[in-house]
Amino acid sequence: MLIDTHCHLFESDYENVDSIVKNMLGIMIASGVDLKSNKEMLMLSDKYSNVFVTLGIHPEYATNNVDLTFIENNIKNAKVVGIGEIGLDYHYDTNNKNEQKNLFIKQIELANKYQLPVVIHSRDACQDTLDILKSHLQTKAIMHCYSYSLEMAKEFLKLGIYFGIGGVLTFKNGQKLKKVVEEIPLDRLVLETDSPYLTPEPFRGKQNVPNNVELVAKKIAEIKNISYEEVVKVTEENAKYIFDI
Ligand code: NI
């Protein structure tokens, strides 16, 4: 079974979220990024048995007074399977590094407290992400849409972290990620789309949907020179183990 371990199924992005969900035969892990989308994804997971949810505040919304009450109040809901997406993003804004780090650590500690996996967003912040995970992480974790080097991947691997692989793998300029996928064992990889973003080839430029994890799985099979069925089987086992579903 195909599992999209990371997607955003927000009504503000899609004309018809229900039809997108109904088109996906496998499982979807929908991630919130702020209070509004956390609530929305939780409601969606209520409605569909194959939609699970991770709750979290994205680093884009980091301030010193982010309220995590909603997340903690709903953390024991059976459909909540993790904390995310959380992390560090220095791509556009480096003025709030401390706020981002504090929020990231607070949410990792919440995950530790309830023994839930974390889904990590990290952009242009590799070393800080690694340092924080080294000193705080006590649960399973996925580096979602992994974008750093193979060398750094080996450092994350030492911490037992999994790698979320998405559409970038199919891009012409995805050489760095291809190397990572070649070298990192299949039992450390999971599939994702990050829908509605990062649509794989040959649909690049169109809106992404969870169904497209199939294209990512096919590309992994090609790169690792193994069967598509094996990629689907092992990534399914990995995702089910990580999220305990
Ligand atoms: Ni995302």
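In the predicted model, Asp128 is in contact with Leu88, Tyr90 and Lys101 when its neighbours within four places in sequence are left aside. With one of these residues, Tyr90, the contact is polar: the two side chains approach to 2.7 Å. Asp128 itself is located in helix α5, which spans residues 126–136.

The strands form an open sheet with eight members, paired in parallel and arranged in the order β1-β2-β3-β4-β5-β6-β7-β8. Its edges are formed by β1 (3–7) and β8 (189–191), each of which pairs on one side only. On average, neighbouring strands of the sheet are turned by 30 degrees against each other, direction ignored. At the β8 edge, the parallel pairing with β7 (residues 162–165) consists of three bridges. Phe163 has Leu189 of β8 as its bridge partner.

Helix α4, comprising residues 97–114, lies across β4 (80–89) and β5 (118–123). Its direction makes an angle of about 160 degrees with that of β4. Lys101, one of the residues in contact with Asp128, falls within the residue range of α4.

Note on methods:
Residues numbered from 1 in each chain as written. Predicted model: local features only at pLDDT ≥ 70, side-chain atom pairs only at ≥ 80, totals over all residues. Heavy atoms only, no water. Pairing = 2+ DSSP bridges. Helix = DSSP H or I, 4+ residues; strand = E, 2+ residues; numbered from the N terminus. Axes fitted to C-alpha atoms, helices over the stretch in contact; angles between N-to-C directions. Contact = heavy atoms within 4.5 Å. Polar contact = N/O pair within 3.5 Å; in protein donor to acceptor, adjacent residues only side chain to side chain.
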